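Please look over the sequence and the structure shown here before reading the notes, which are grouped by topic.

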Amino acid sequence: MFHYLYAQNLTAFAIILLGASFCLTVFHAVLRSHKIERIFISICTASYIALIIYATLFSREKSENAQGYSLIPFITYYKAKTENVEYYREAFMNVALFFPLGCFLYCYDIKGKRKWTAPIISALIFSSIIEIIQYAFKLGYAEIDDVIHNTAGVIIGILVCTLTEKILKEAKSILYDNK
């Protein structure tokens with residue numbers, strides 16, 4: 001299933017992700033602080049974390065050839081330039097994998113204010129744990145780039161939802177101020 005997603009057109013995939021984040025932001029703006037919204041977001045967040053764990057750990061087979069690691073930041077881009085352009089797709093897909101998680105985490109309010117620090121640190125730790133488990137159990141090649149790209153996905157998800165909510169507030173004020 002995940003190989004099917006990996007092979008899709010990147011532009012279409014990005015448009016689908018942006019559309020879904022827009023819908024989530026509208027949902028959040030309409031139902032802000034309602035119990036149903038908190039329940040829905042909690043279920044979505046837990047389900048998506050389970051999906052990430054499945055995709056990165058349980059959908060892989062143990063392989064003696066898979067063990068290895070790279071602690072060189074942004075080596076993916078060097079490899080894409082010198083070896084194979086598919087490394088760009090790999091980088092994009094690592095960002096895209098964590099983008100929805102950023103959108104879900106955006107919906108959590110901490111004392112009425114959104115905090116960027118907690119979701120970003122959580123994503124960094126979560127992604128690091130995944131890479132360590134992949135290395136320890138020979139489920140994949142552990143790379144610092146994956147951690148960087150996954151964390152960037154969360155940041156971009158939060159940023160897109162923040163901008164979408166600001167646009168919605170501006171549109172609402174324009175519509176209601178003109179009446």
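The structure is a predicted model, and its protein chain holds 7 helices and 2 strands. From the N terminus on, these elements follow one another in the order α-α-α-β-α-α-α-β-α.

**The chain as a whole**

- Of the 179 residues in the protein chain, 37% are buried, where buried means a relative accessible area under 20%.
- Among the contacts in the protein chain with a separation of 6 or more, 84% are between residues 24 or more positions apart.

**The largest nonpolar core**

- In soluble globular proteins, nonpolar side chains tend to be buried together.
- In this model the largest nonpolar core has 25 residues, and the members that touch the most other members are Ile52, Phe98, Leu101 and Val154.
- At least two residues of this core come from each of helix H2 (10-31), helix H3 (35-58), helix H5 (86-106), helix H6 (117-136) and helix H7 (144-177), and H5 gives the most, with 9 residues.
- Val154 is one of the members named above, and, when residues up to four places away in sequence are not counted, Val154 touches Phe98, Phe99, Leu101, Gly102, Leu105, Pro119 and Ala123.

**Helix packing around H3**

- Two packed helices are described by the angle between their axes and the distance between the axes.
- H3 and H6 pack with their axes 10 Å apart and at an angle of about 30°, and H3 is therefore roughly parallel to H6, since angles under 35 degrees count as roughly parallel.
- The crossing in which H3 passes H6 is right-handed, and the residues that meet there are Ile49, Ile52, Ile53, Thr56 and Leu57 in H3 with Phe126, Ile130, Ile133 and Gln134 in H6.
- The axes of H3 and H5 come within 9 Å and cross at roughly 160°, so that H3 is roughly antiparallel to H5, given that angles over 145 degrees count as roughly antiparallel.
- H3 passes H5 in a left-handed crossing, and the contact is made by Ile41, Cys44, Thr45, Tyr48, Ile49, Ile52 and Thr56 of H3 together with Ala96, Leu97, Phe98, Pro100, Leu101, Phe104 and Leu105 of H5.
- Ile52 of H3 takes part in the contact with H6 and also in the contact with H5, and Ile52 is listed among the core residues that touch the most other members.

- His149 has its place in helix H7 and counts as buried because its relative accessibility is 4%.
- Leaving aside neighbours within four places in sequence, His149 is in contact with Thr76, Tyr77, Ala91, Asn94 and Val95.
- Glu90 lies in helix H5 and is partly exposed, with a relative accessible area of 25%.
- Although Glu90 and His149 are 59 residues apart along the chain, their C-alpha atoms are separated by 9.6 Å.

- Phe22 belongs to helix H2 and is partly exposed, since its relative accessible area is 41%.
- Phe22 and Leu163 lie 141 residues apart in sequence, and the distance between them in space is 9.7 Å, C-alpha to C-alpha.
- When neighbours within four places in sequence are left aside, Phe22 is in contact with Thr164 and Leu168.

**Positive phi values in loops**

- Phe74 is found in the loop between strand S1 (69-70) and helix H4 (75-82), and its phi is near 65°, a positive value in a residue other than glycine.
- Phe74 counts as partly exposed, with a relative accessibility of 46%.
- Lys138 is found in the loop between H6 and strand S2 (142-143), and, although Lys138 is not a glycine, it has a positive phi of about 55°.

Technical notes: Residues are numbered from 1 along each chain as its sequence is written. This is a predicted model: local features need pLDDT of at least 70, side-chain atom pairs count only at pLDDT 80 or more; totals for chains, interfaces and linings use all residues. Side-chain values use heavy atoms; hydrogens and water are left out. A nonpolar core is a set of buried Ala, Val, Leu, Ile, Met, Phe, Trp, Tyr and Cys residues joined through side-chain atoms within 4.5 Å. Buried means under 20% relative accessible area, exposed over 50%, partly exposed in between (1.4 Å probe, protein chains only). Helices (H or I, at least four residues) and strands (E, at least two) are DSSP runs, numbered from the N terminus. Contact means heavy atoms within 4.5 Å. Axes are lines fitted to C-alpha atoms, for helices over the stretch in contact, and angles run from 0 to 180 degrees between N-to-C directions. Angles under 35 degrees count as roughly parallel, over 145 as roughly antiparallel, 65 to 115 as roughly perpendicular and the rest as oblique. A crossing is left-handed if the near helix is turned anticlockwise from the far one by less than a right angle, and right-handed if clockwise.
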